[in-house]
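Hi,

Here is the structure I promised to pass on. Have a look at it first, and my notes follow below.

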There are 4 protein chains.
Amino acid sequence: MAFNNSRIGNSKLAEQGLNSWQWANSRMGVISRILNEFGKTKPLNQTKLGLCLHITKETSVLVMAALRLGAKVTICSANPLSVQDDIVAFLFSKGVSVFARRDETVKQYKEGIKEVLNRRPEVLVDDGSAMHIVAHSSGSEGIVGGTEETTSGIRRLKILEKRGKLKYPVIGVNDALSKHLFDNKYGTGQSTMDGIIRITNLLIAGKNIVVCGYGSVGKGIAIRARGFGAIVTVTETNAHRALEAHMDGFIVKRLIDAVSEGDIFITCTGQIHVIRKEHIIKMKSGSILANAGHFDIEIDTKYLKSNCDDRYLVRRYLECFRIRGKRVYLLSSGRVVNLVGSEGNAPEVMAMSFANQLLSIIYICRNHRKMKRAVHDVPMEIDQYVALTSLKSLGIKIDKLTDIQLKYSNSY
Amino acid sequence: MAFNNSRIGNSKLAEQGLNSWQWANSRMGVISRILNEFGKTKPLNQTKLGLCLHITKETSVLVMAALRLGAKVTICSANPLSVQDDIVAFLFSKGVSVFARRDETVKQYKEGIKEVLNRRPEVLVDDGSAMHIVAHSSGSEGIVGGTEETTSGIRRLKILEKRGKLKYPVIGVNDALSKHLFDNKYGTGQSTMDGIIRITNLLIAGKNIVVCGYGSVGKGIAIRARGFGAIVTVTETNAHRALEAHMDGFIVKRLIDAVSEGDIFITCTGQIHVIRKEHIIKMKSGSILANAGHFDIEIDTKYLKSNCDDRYLVRRYLECFRIRGKRVYLLSSGRVVNLVGSEGNAPEVMAMSFANQLLSIIYICRNHRKMKRAVHDVPMEIDQYVALTSLKSLGIKIDKLTDIQLKYSNSY
Amino acid sequence: MAFNNSRIGNSKLAEQGLNSWQWANSRMGVISRILNEFGKTKPLNQTKLGLCLHITKETSVLVMAALRLGAKVTICSANPLSVQDDIVAFLFSKGVSVFARRDETVKQYKEGIKEVLNRRPEVLVDDGSAMHIVAHSSGSEGIVGGTEETTSGIRRLKILEKRGKLKYPVIGVNDALSKHLFDNKYGTGQSTMDGIIRITNLLIAGKNIVVCGYGSVGKGIAIRARGFGAIVTVTETNAHRALEAHMDGFIVKRLIDAVSEGDIFITCTGQIHVIRKEHIIKMKSGSILANAGHFDIEIDTKYLKSNCDDRYLVRRYLECFRIRGKRVYLLSSGRVVNLVGSEGNAPEVMAMSFANQLLSIIYICRNHRKMKRAVHDVPMEIDQYVALTSLKSLGIKIDKLTDIQLKYSNSY
Amino acid sequence: MAFNNSRIGNSKLAEQGLNSWQWANSRMGVISRILNEFGKTKPLNQTKLGLCLHITKETSVLVMAALRLGAKVTICSANPLSVQDDIVAFLFSKGVSVFARRDETVKQYKEGIKEVLNRRPEVLVDDGSAMHIVAHSSGSEGIVGGTEETTSGIRRLKILEKRGKLKYPVIGVNDALSKHLFDNKYGTGQSTMDGIIRITNLLIAGKNIVVCGYGSVGKGIAIRARGFGAIVTVTETNAHRALEAHMDGFIVKRLIDAVSEGDIFITCTGQIHVIRKEHIIKMKSGSILANAGHFDIEIDTKYLKSNCDDRYLVRRYLECFRIRGKRVYLLSSGRVVNLVGSEGNAPEVMAMSFANQLLSIIYICRNHRKMKRAVHDVPMEIDQYVALTSLKSLGIKIDKLTDIQLKYSNSY
């Protein structure tokens, strides 16, 4: 079978994975606090969870927590290039069914999803909604609800909902304040720059970096690129966001107008073909293209592949395309550069995202009968709980309203 | 009469005000574009507007635009210390009824509001809702609707609405994205630091600055204080905002824990008695207190006044209180430091706010019959229009979705 | 006589000046510590000092300290537009001979220098070397030495020295680390942006600001402009500095290439005609020109004046030139914008500069017989003393080398 | 023999090294320009160079350039943990004698130096002066001169010089402006943060990072740490630098006072035992220690090793010490974290450093007979040439002084 590889049962890898889990776990205090609070009652007792996530050490903390709460877990990867093999081996050693491995083919990645669904999970936990989409087309019996981690995935589910085709309630974890304000912005901001630096080892200071998209992710990347000394240009299709970028001191232009001066281009729009033929034609030789969006569609890699004279791998995940007399470099095949080139978002922010996940899963188990077949927000109590608990685990105290202030709040 | 002062008819002041208006007007391109588009149809023909705003050169641009659209305007000040006398003289010379002057007493300020209401305005344009509140208690006949410029003012109106007491529809201009994302953050961020520097002439670099509140205004102030080299501590009562401040690299503490290290304290919470006895007691000698919130209640100035051994004016708007063996300095009597100490927010952002105002006033004139007695959002078309037009007047072009992208947006 | 104006003896102004002095003095702890240490021995006993400085509240702290140390002081202004009249009145009330007033003519300014020299000072304390130059041409008997505050002034004196024409030893205070690293960079950085904002009241966020020169002053301005949200372009003639600006994330270009995109231009090069016809021709309408260098030669104002169709004052220190169909705005007549438009550098940094001045004056009194007719560095002990004492007055403690570390320092 | 390992002749590794060299070479335009200019005359014809450098892809660009100029090269590593094995294999395949491999023992590292010296090099190119020191004790016949890359190494050589023991002239490359202003600050600033993130994968935003030392390296690290959202505290022993850090908006404290709040500690002082028992005792559990200085002496690792209850490797280069009831993490065994944990400084800045190296080597070959046995500065022409050529290869144009300005420069 596709995943019956030697690595999965490798005990040395599993031990390394154990260390990685411990390291991440020690930096994800919110999860520990949830376990302390809910652990005894086993709220996920015997619940079958099907996960399609990036298999990183942070994800292993979520999985181990779900096990502690009583769940049975099957997992595949949300991206063929983002799997960390030591984590696969570690989770396998703990009794989790894992259908994933590093650098798997797209075919294997799709089989992974099917394998998970074949195990008849009750709750689906997805990142990008690929598994939700497959579940909808191939039979979703037994599924009582699900969660979705990303902006891109929620967009897709909302279209399903609008067309009346959503078959079970889903909580859009991404939209919790304590998720997207932090994970997307500060997490992806750092890990994207980290991924680009690991793959290229170039100096960021003085580089012209073009960030396509100024949502949470784009804001995070733009700030961190500047923080490392880059001159940052932002492109947008949304007027308010373009104005925000302008006021934040970034250069704002149409991509076509920015393209001849850029050194590094980073897409994070959730859109298709943001960087395409017309742009690539005008780029200077040596230009570097990276994508930080969920899907590998933001850069038109097909154009590059079909029209280059030659292509070769310079270093791991750094591919050179000779095209129109110049060299254009594509990072991580156009796939999420922060998960492929580096290790994904740091444990401190994944703690917040996965705390929302964990509590949303529990919420679905308890309430799915009452929930509409719709994309639901994370309940405000959960969002609040995660924020407050995060502050606690950081050792930060904040002010409380005095009685006089509470009274003032309700007066005019 | 209270406002029959010599300054109002002073032609030299009026000329200076004319120059100020021209200068501001030349930097508020959105307003000019609206006039070009709507000017001929006189959409405010003979409408009686009652304004309670900070009387600055930017406000004069709004007023002159309203006149151009056919309105009749009566105006008083939203704050006794923020009036610019050259603007008063200029507006008066253009036929506007003005009831305000620099450094007026609180009594005169209140009389100003009454004078405006006595003129039976049809639409009230308020900043802080003081005039709305008076209108509600003293008779609101003839008023068909209103607008409100600030966070603080909208809070008050929503309580009125909740209690079923709101007598006419109000558009909460502050909540337009193209208003609060820009005016509150970048406008007040700059002008607050500007006001503090003008009053004190101190070096910001290396100072410990404590910002109370991390809403739009607080974010703007924190960024600008850091931009001038300060070490910034943020205090909050809201967990999500506290986490944001933490991730933005600010020190986050309870005020009581920050108080002994702070050099300058700035309140922008919309709350009462944020800085009070318990904090002042622990401050070091030389501490400086400033308020950037709408009302002069955020610092408990009563405590200072009642308990000091002595107080004297060091420079304009810089008052020293000798209290408990140390010196504590209060800026602009605890009133909005950016409007009293400097000239208020810059024309570039006020253009966006006042474009929303102008279009909201027109909207109310046209639609008030259909509108509920509630606090309404600025219609999305207006908000969009302002953002797009602002980009145009800045000369910034942004990308448009391609057909393929539009199609992708609707697929899953 | 030219300076026999009514303001100088005005007791209300003098009282205001006293308050200003107290405020500045309370923030210039290093000077107080020097007085505590040297006050009793009166090291300047009966020494006649001739000062040509910007007459600000910070300068009054230097003058009062010199008086406390026994000196007799005569003073004129280093710039016709930078005089603060309350300080003039205050110093006059303390027995200082003052030859300066706000908005004096260039003729009066030159007479001021002559008046000071006529009093036969023994030590000259200059800012820009204008007084040194006059002393050299008109007779320097009795002068035993001098100091110079600025980069520009030291440059001039070094040319005199090179040509063998320097008539007395001068200490170049500017070159002390504890002076130029702080006063020039952080002091002028802040006060220049402050001056520009006070004169124009424009929003800095999103503006294209072009800084000509990336020495200490230029670095300070560039950082602060960015800190307020500007997109900053730097121009340079020095390759190392240009590279530094590039690595610091600023756009680096030739001025001629930057000119059509810039909104605000700031010169701080010490050079003549940095902004001249060829640049002004290519600027867009609405461009704003400011100078932060010592002399009013960096912008070719003659070109503007001779070639404009019209010119008028928009606001104080903001002059509009209609030229070639567009409007170009000149701030503070091309004179140091931070001293004319705002109040000059903040007391915290002037404390360090003036501590070096005060100790250098004492040093000259004691050692002038042994000193060559040359431009001398501030003695290292003084520079060190000022730095250490500044830290103390800020309440900052730093590490000391351990014995093991001291030993290591001398090993290989 | 110690270096006769299988990896050195590995052709696949050599090919990977070739790719790495090409990648770095394409980003080091200054070196290419030097080769274009000097290549034909073979200025290093048959010169025997002995190199002790970090063996990275950037170093391979220097080595290949030296070969092109006619030199014969023998090389060992400046640090046992910083060797990149693909580069070793690549250089070996090009006929270079290489005595180094990844993760070699300290014994092997020392043998490497001896092997190089045994080949009787004429010019020594060192990083840290370890090879210079050995050459001085073990016989330096045939050596006509040398260069030194680092602050630490120059310090050692200057002590040798002072004691009259220096046996040949050395050019201190580090002190060229075009070296230390860029490589040390922007290069090490980025690569240190990169190394820490690669080893730990932690979020930097919101972390308390303590930087010990505020020289070029410390400044670079502090800026980049802040650029990624950290709250940065600086410790110093030098008063001027401490003041600079303060004015730059960093918290300045004694290390002992900062220790209980810090999350990550980074040393870059060139000193011994900067972090020692007294500090470690007061740290909180989870503290992370990293060194960015040349030698592994800045953190007292002996104390950690002798006093811990237990130690284990969490991940590569991340070691946990259980000590006094808490966990303290040491990165890369206390060795330069940017070279061990990441790939060292980026090619763009190494280009400037190595251009100075290359031209200094040529200079020594031509002029060593005339040079004193002393530590010499890089000749100003070289420093200038490197800066100007770097600008050219970046495509940046700068202004030139006009005739009027040149004349002004020489007037007073």
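In this predicted model, the axes of helix 3 (residues 57–68) and helix 4 (residues 85–93), both of chain A, come within 9 Å and cross at roughly 15 degrees. Angles under 35 degrees count as roughly parallel, so helix 3 of chain A and helix 4 of chain A are roughly parallel to each other. As for the hand, helix 3 of chain A passes helix 4 of chain A in a right-handed crossing.

If you want to click through the residues: helix 3 of chain A brings A:Lys57, A:Ser60 and A:Val63 to this contact, and they meet A:Ile87, A:Phe90 and A:Leu91 of helix 4 of chain A. By type, the residues of that contact are four nonpolar, one polar and one charged.

Now for the chains. Chain C and chain A touch through eleven residues from chain C and eleven residues from chain A. On the side of chain C that touches chain A, five residues are nonpolar, four are polar and two are charged.

Then there is the pair of chain C and chain D. What superposes chain C on chain D? A rotation of 180 degrees does, with 0.0 Å of shift along its axis and an RMSD of 0.0 Å. The two copies are therefore related as by a two-fold rotation axis. Both copies use the same surface, too: 100% of the contact residues of chain C recur in chain D.

Cheers

Terms used. Residues are numbered from 1 along each chain as its sequence is written. Chains are lettered from A and ligands numbered from 1 in the order in which they are written. This is a predicted model: local features need pLDDT of at least 70, side-chain atom pairs count only at pLDDT 80 or more; totals for chains, interfaces and linings use all residues. Copies are superposed by least squares on the C-alpha atoms of residues with pLDDT of at least 70 in both. Two residues are in contact if their C-beta atoms, placed from the backbone, lie within 7 Å. Axes are lines fitted to C-alpha atoms, for helices over the stretch in contact, and angles run from 0 to 180 degrees between N-to-C directions. Helices (H or I, at least four residues) and strands (E, at least two) are DSSP runs, numbered from the N terminus. Angles under 35 degrees count as roughly parallel, over 145 as roughly antiparallel, 65 to 115 as roughly perpendicular and the rest as oblique. A crossing is left-handed if the near helix is turned anticlockwise from the far one by less than a right angle, and right-handed if clockwise. Ala, Val, Leu, Ile, Met, Phe, Trp, Tyr, Cys and Pro count as nonpolar, Asp, Glu, Lys and Arg as charged, and the others, Gly among them, as polar.
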